[in-house]
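Let's take a walk through some helix packing.

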Amino acid sequence: DGVVQVFVNDAPVAIADDGGFRHTFRAEFGLNRVEVIADDGVRRPATRVVREVVWGPEILETQEAGVTVPGAAKMRLGQNVLDGDAPQPAPGEMNVLVVNDLAGAVEVLLAQANLAAFLPNLVVEASERVRLEVVGIRSGTPQITLQYTDTGMDIFLRLDGFALDIEGELPIGEDLIDLTGSVLITAAAFASADWVVDADGGPGLLMGDVGIAIERLDGQMNSSEAQAFLDTIGGLLRLLIDRFATETVDALVREEIPEFISFGLGQLLEPLAEIELDVEGDDLLPEINLNGGVTLAGFDLSARREMVTTLDLALTVEDPAGAVHPVQGIPVEGTAREPAWPAGIGVAVALRLAAVNGLLNTLWRQGVLDMDLSAQVPEGLGVTSARLEATVSPLIAPTLPGAPDLFEFQVGELQMYVTSFGA
């Protein structure tokens, strides 16, 4: 008998007395080709076995009905998207107003909104001492400043020319003083809030400290007596209007503005909440029924710089058949690395390879690479049936350093089964 030599990927390997051998080599993310040749110098060809081995720093377990990929994507919203601190442009053609950032959108909303609709009660006071009601509210010129903090954001609101149209009566002895007129107010407010995932799985703002300051309160009353009462510091009429204005600004900065901001982020994510892929089968490919969805997992913030949302991905199939070939799971790249966000880009999305490979694995489980090629074989070759089958899930993997492309599509263990006449 000849002396047996064993090679693993062309490297000679020492053989133990019991015939066993061991070889260690560096694995790369994705498919790794392992070729073992045993050569005794006599038989030809030499015995050769090739296997495609899937490797990754981590393996994400898959279920029969699909896969869930934690942290499948990240979305970055820079400070310039929240508030770029730039003046808003004037309306363009056809009076279309384009805003630069979210703060600008809030300013436009407040300037054009009917603020009275935000308030549950416009009656300031209805008692024996006075009857006072607000019949109209004008927001004037709102100014909004939004800044990221390490846990959420700070909201600064200033209202110049904030006006209240009022009506009412103030009994003084036997007389009733008419309180009809307009009050001009300058108000400033501050609020801090933390970003949270709400009970419905959407983005929400948990309010913290709120501060309100009424800096100016001037009126133009129809009655000179009412004007005198309004101008009296510490007077009843002035105190009532101050209280109403404070409550109105508090409602804006504590409720309406945060709800609008969180609603805007929710609208960005809503189209991703439910994803359906339905493809009818044909002679070559099977029917595909795939459901998926993205859910908000959390936030990572940097003061005055950015907010990064983490998104989970769930993929399910309606009629899971299970993998024809057993698999441990999906190779996952290291999760400790953060995306290298491009400089100067306000909105950016980073998608993990695990999300793409989770989709490929789910499609593979539905038989996308299990193809009946019989109808594709030309006549005259004597082939009665032909079938292509992938025993390993396809995946996307980074290329090696120096390669012209960043990623490559890998398919391993492709088997072709052919039946011919007389077989």
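This is a predicted model: local features need pLDDT of at least 70, side-chain atom pairs count only at pLDDT 80 or more; totals for chains, interfaces and linings use all residues.

Residues are numbered from 1 along each chain as its sequence is written, and side-chain values use heavy atoms, leaving out hydrogens and water.

Two packed helices are described by the angle between their axes and the distance between the axes. Helices here are DSSP runs (H or I, at least four residues), numbered from the N terminus. Axes are lines fitted to C-alpha atoms over the stretch in contact, with angles from 0 to 180 degrees between N-to-C directions.

Start with helix α3 (residues 224–231) and helix α4 (residues 236–269): their axes come within 6 Å and cross at roughly 65°. That makes α3 roughly perpendicular to α4 (65 to 115 degrees). Who touches whom (heavy atoms within 4.5 Å)? On α3 the contact uses Ala 226, Phe 229, Leu 230 and Asp 231, and on α4 it uses Leu 237, Arg 238 and Ile 241. Sorted by class, that's five nonpolar, no polar and two charged residues; Asp, Glu, Lys and Arg count as charged, Ala, Val, Leu, Ile, Met, Phe, Trp, Tyr, Cys and Pro as nonpolar, and the others, Gly among them, as polar.

Now move to helix α2 (residues 102–112), which packs on α4 at about 120°, axes 11 Å apart. That makes α2 oblique to α4, oblique being whatever is left after roughly parallel (under 35 degrees), roughly antiparallel (over 145) and roughly perpendicular. From α2 come Leu 102, Ala 105, Val 106, Leu 109 and Leu 110, meeting Leu 252, Ile 257, Phe 260 and Ile 261 of α4. This contact has nine nonpolar residues, with no polar and no charged ones.

How values were computed:
Helices (H or I, at least four residues) and strands (E, at least two) are DSSP runs, numbered from the N terminus. Contact means heavy atoms within 4.5 Å.
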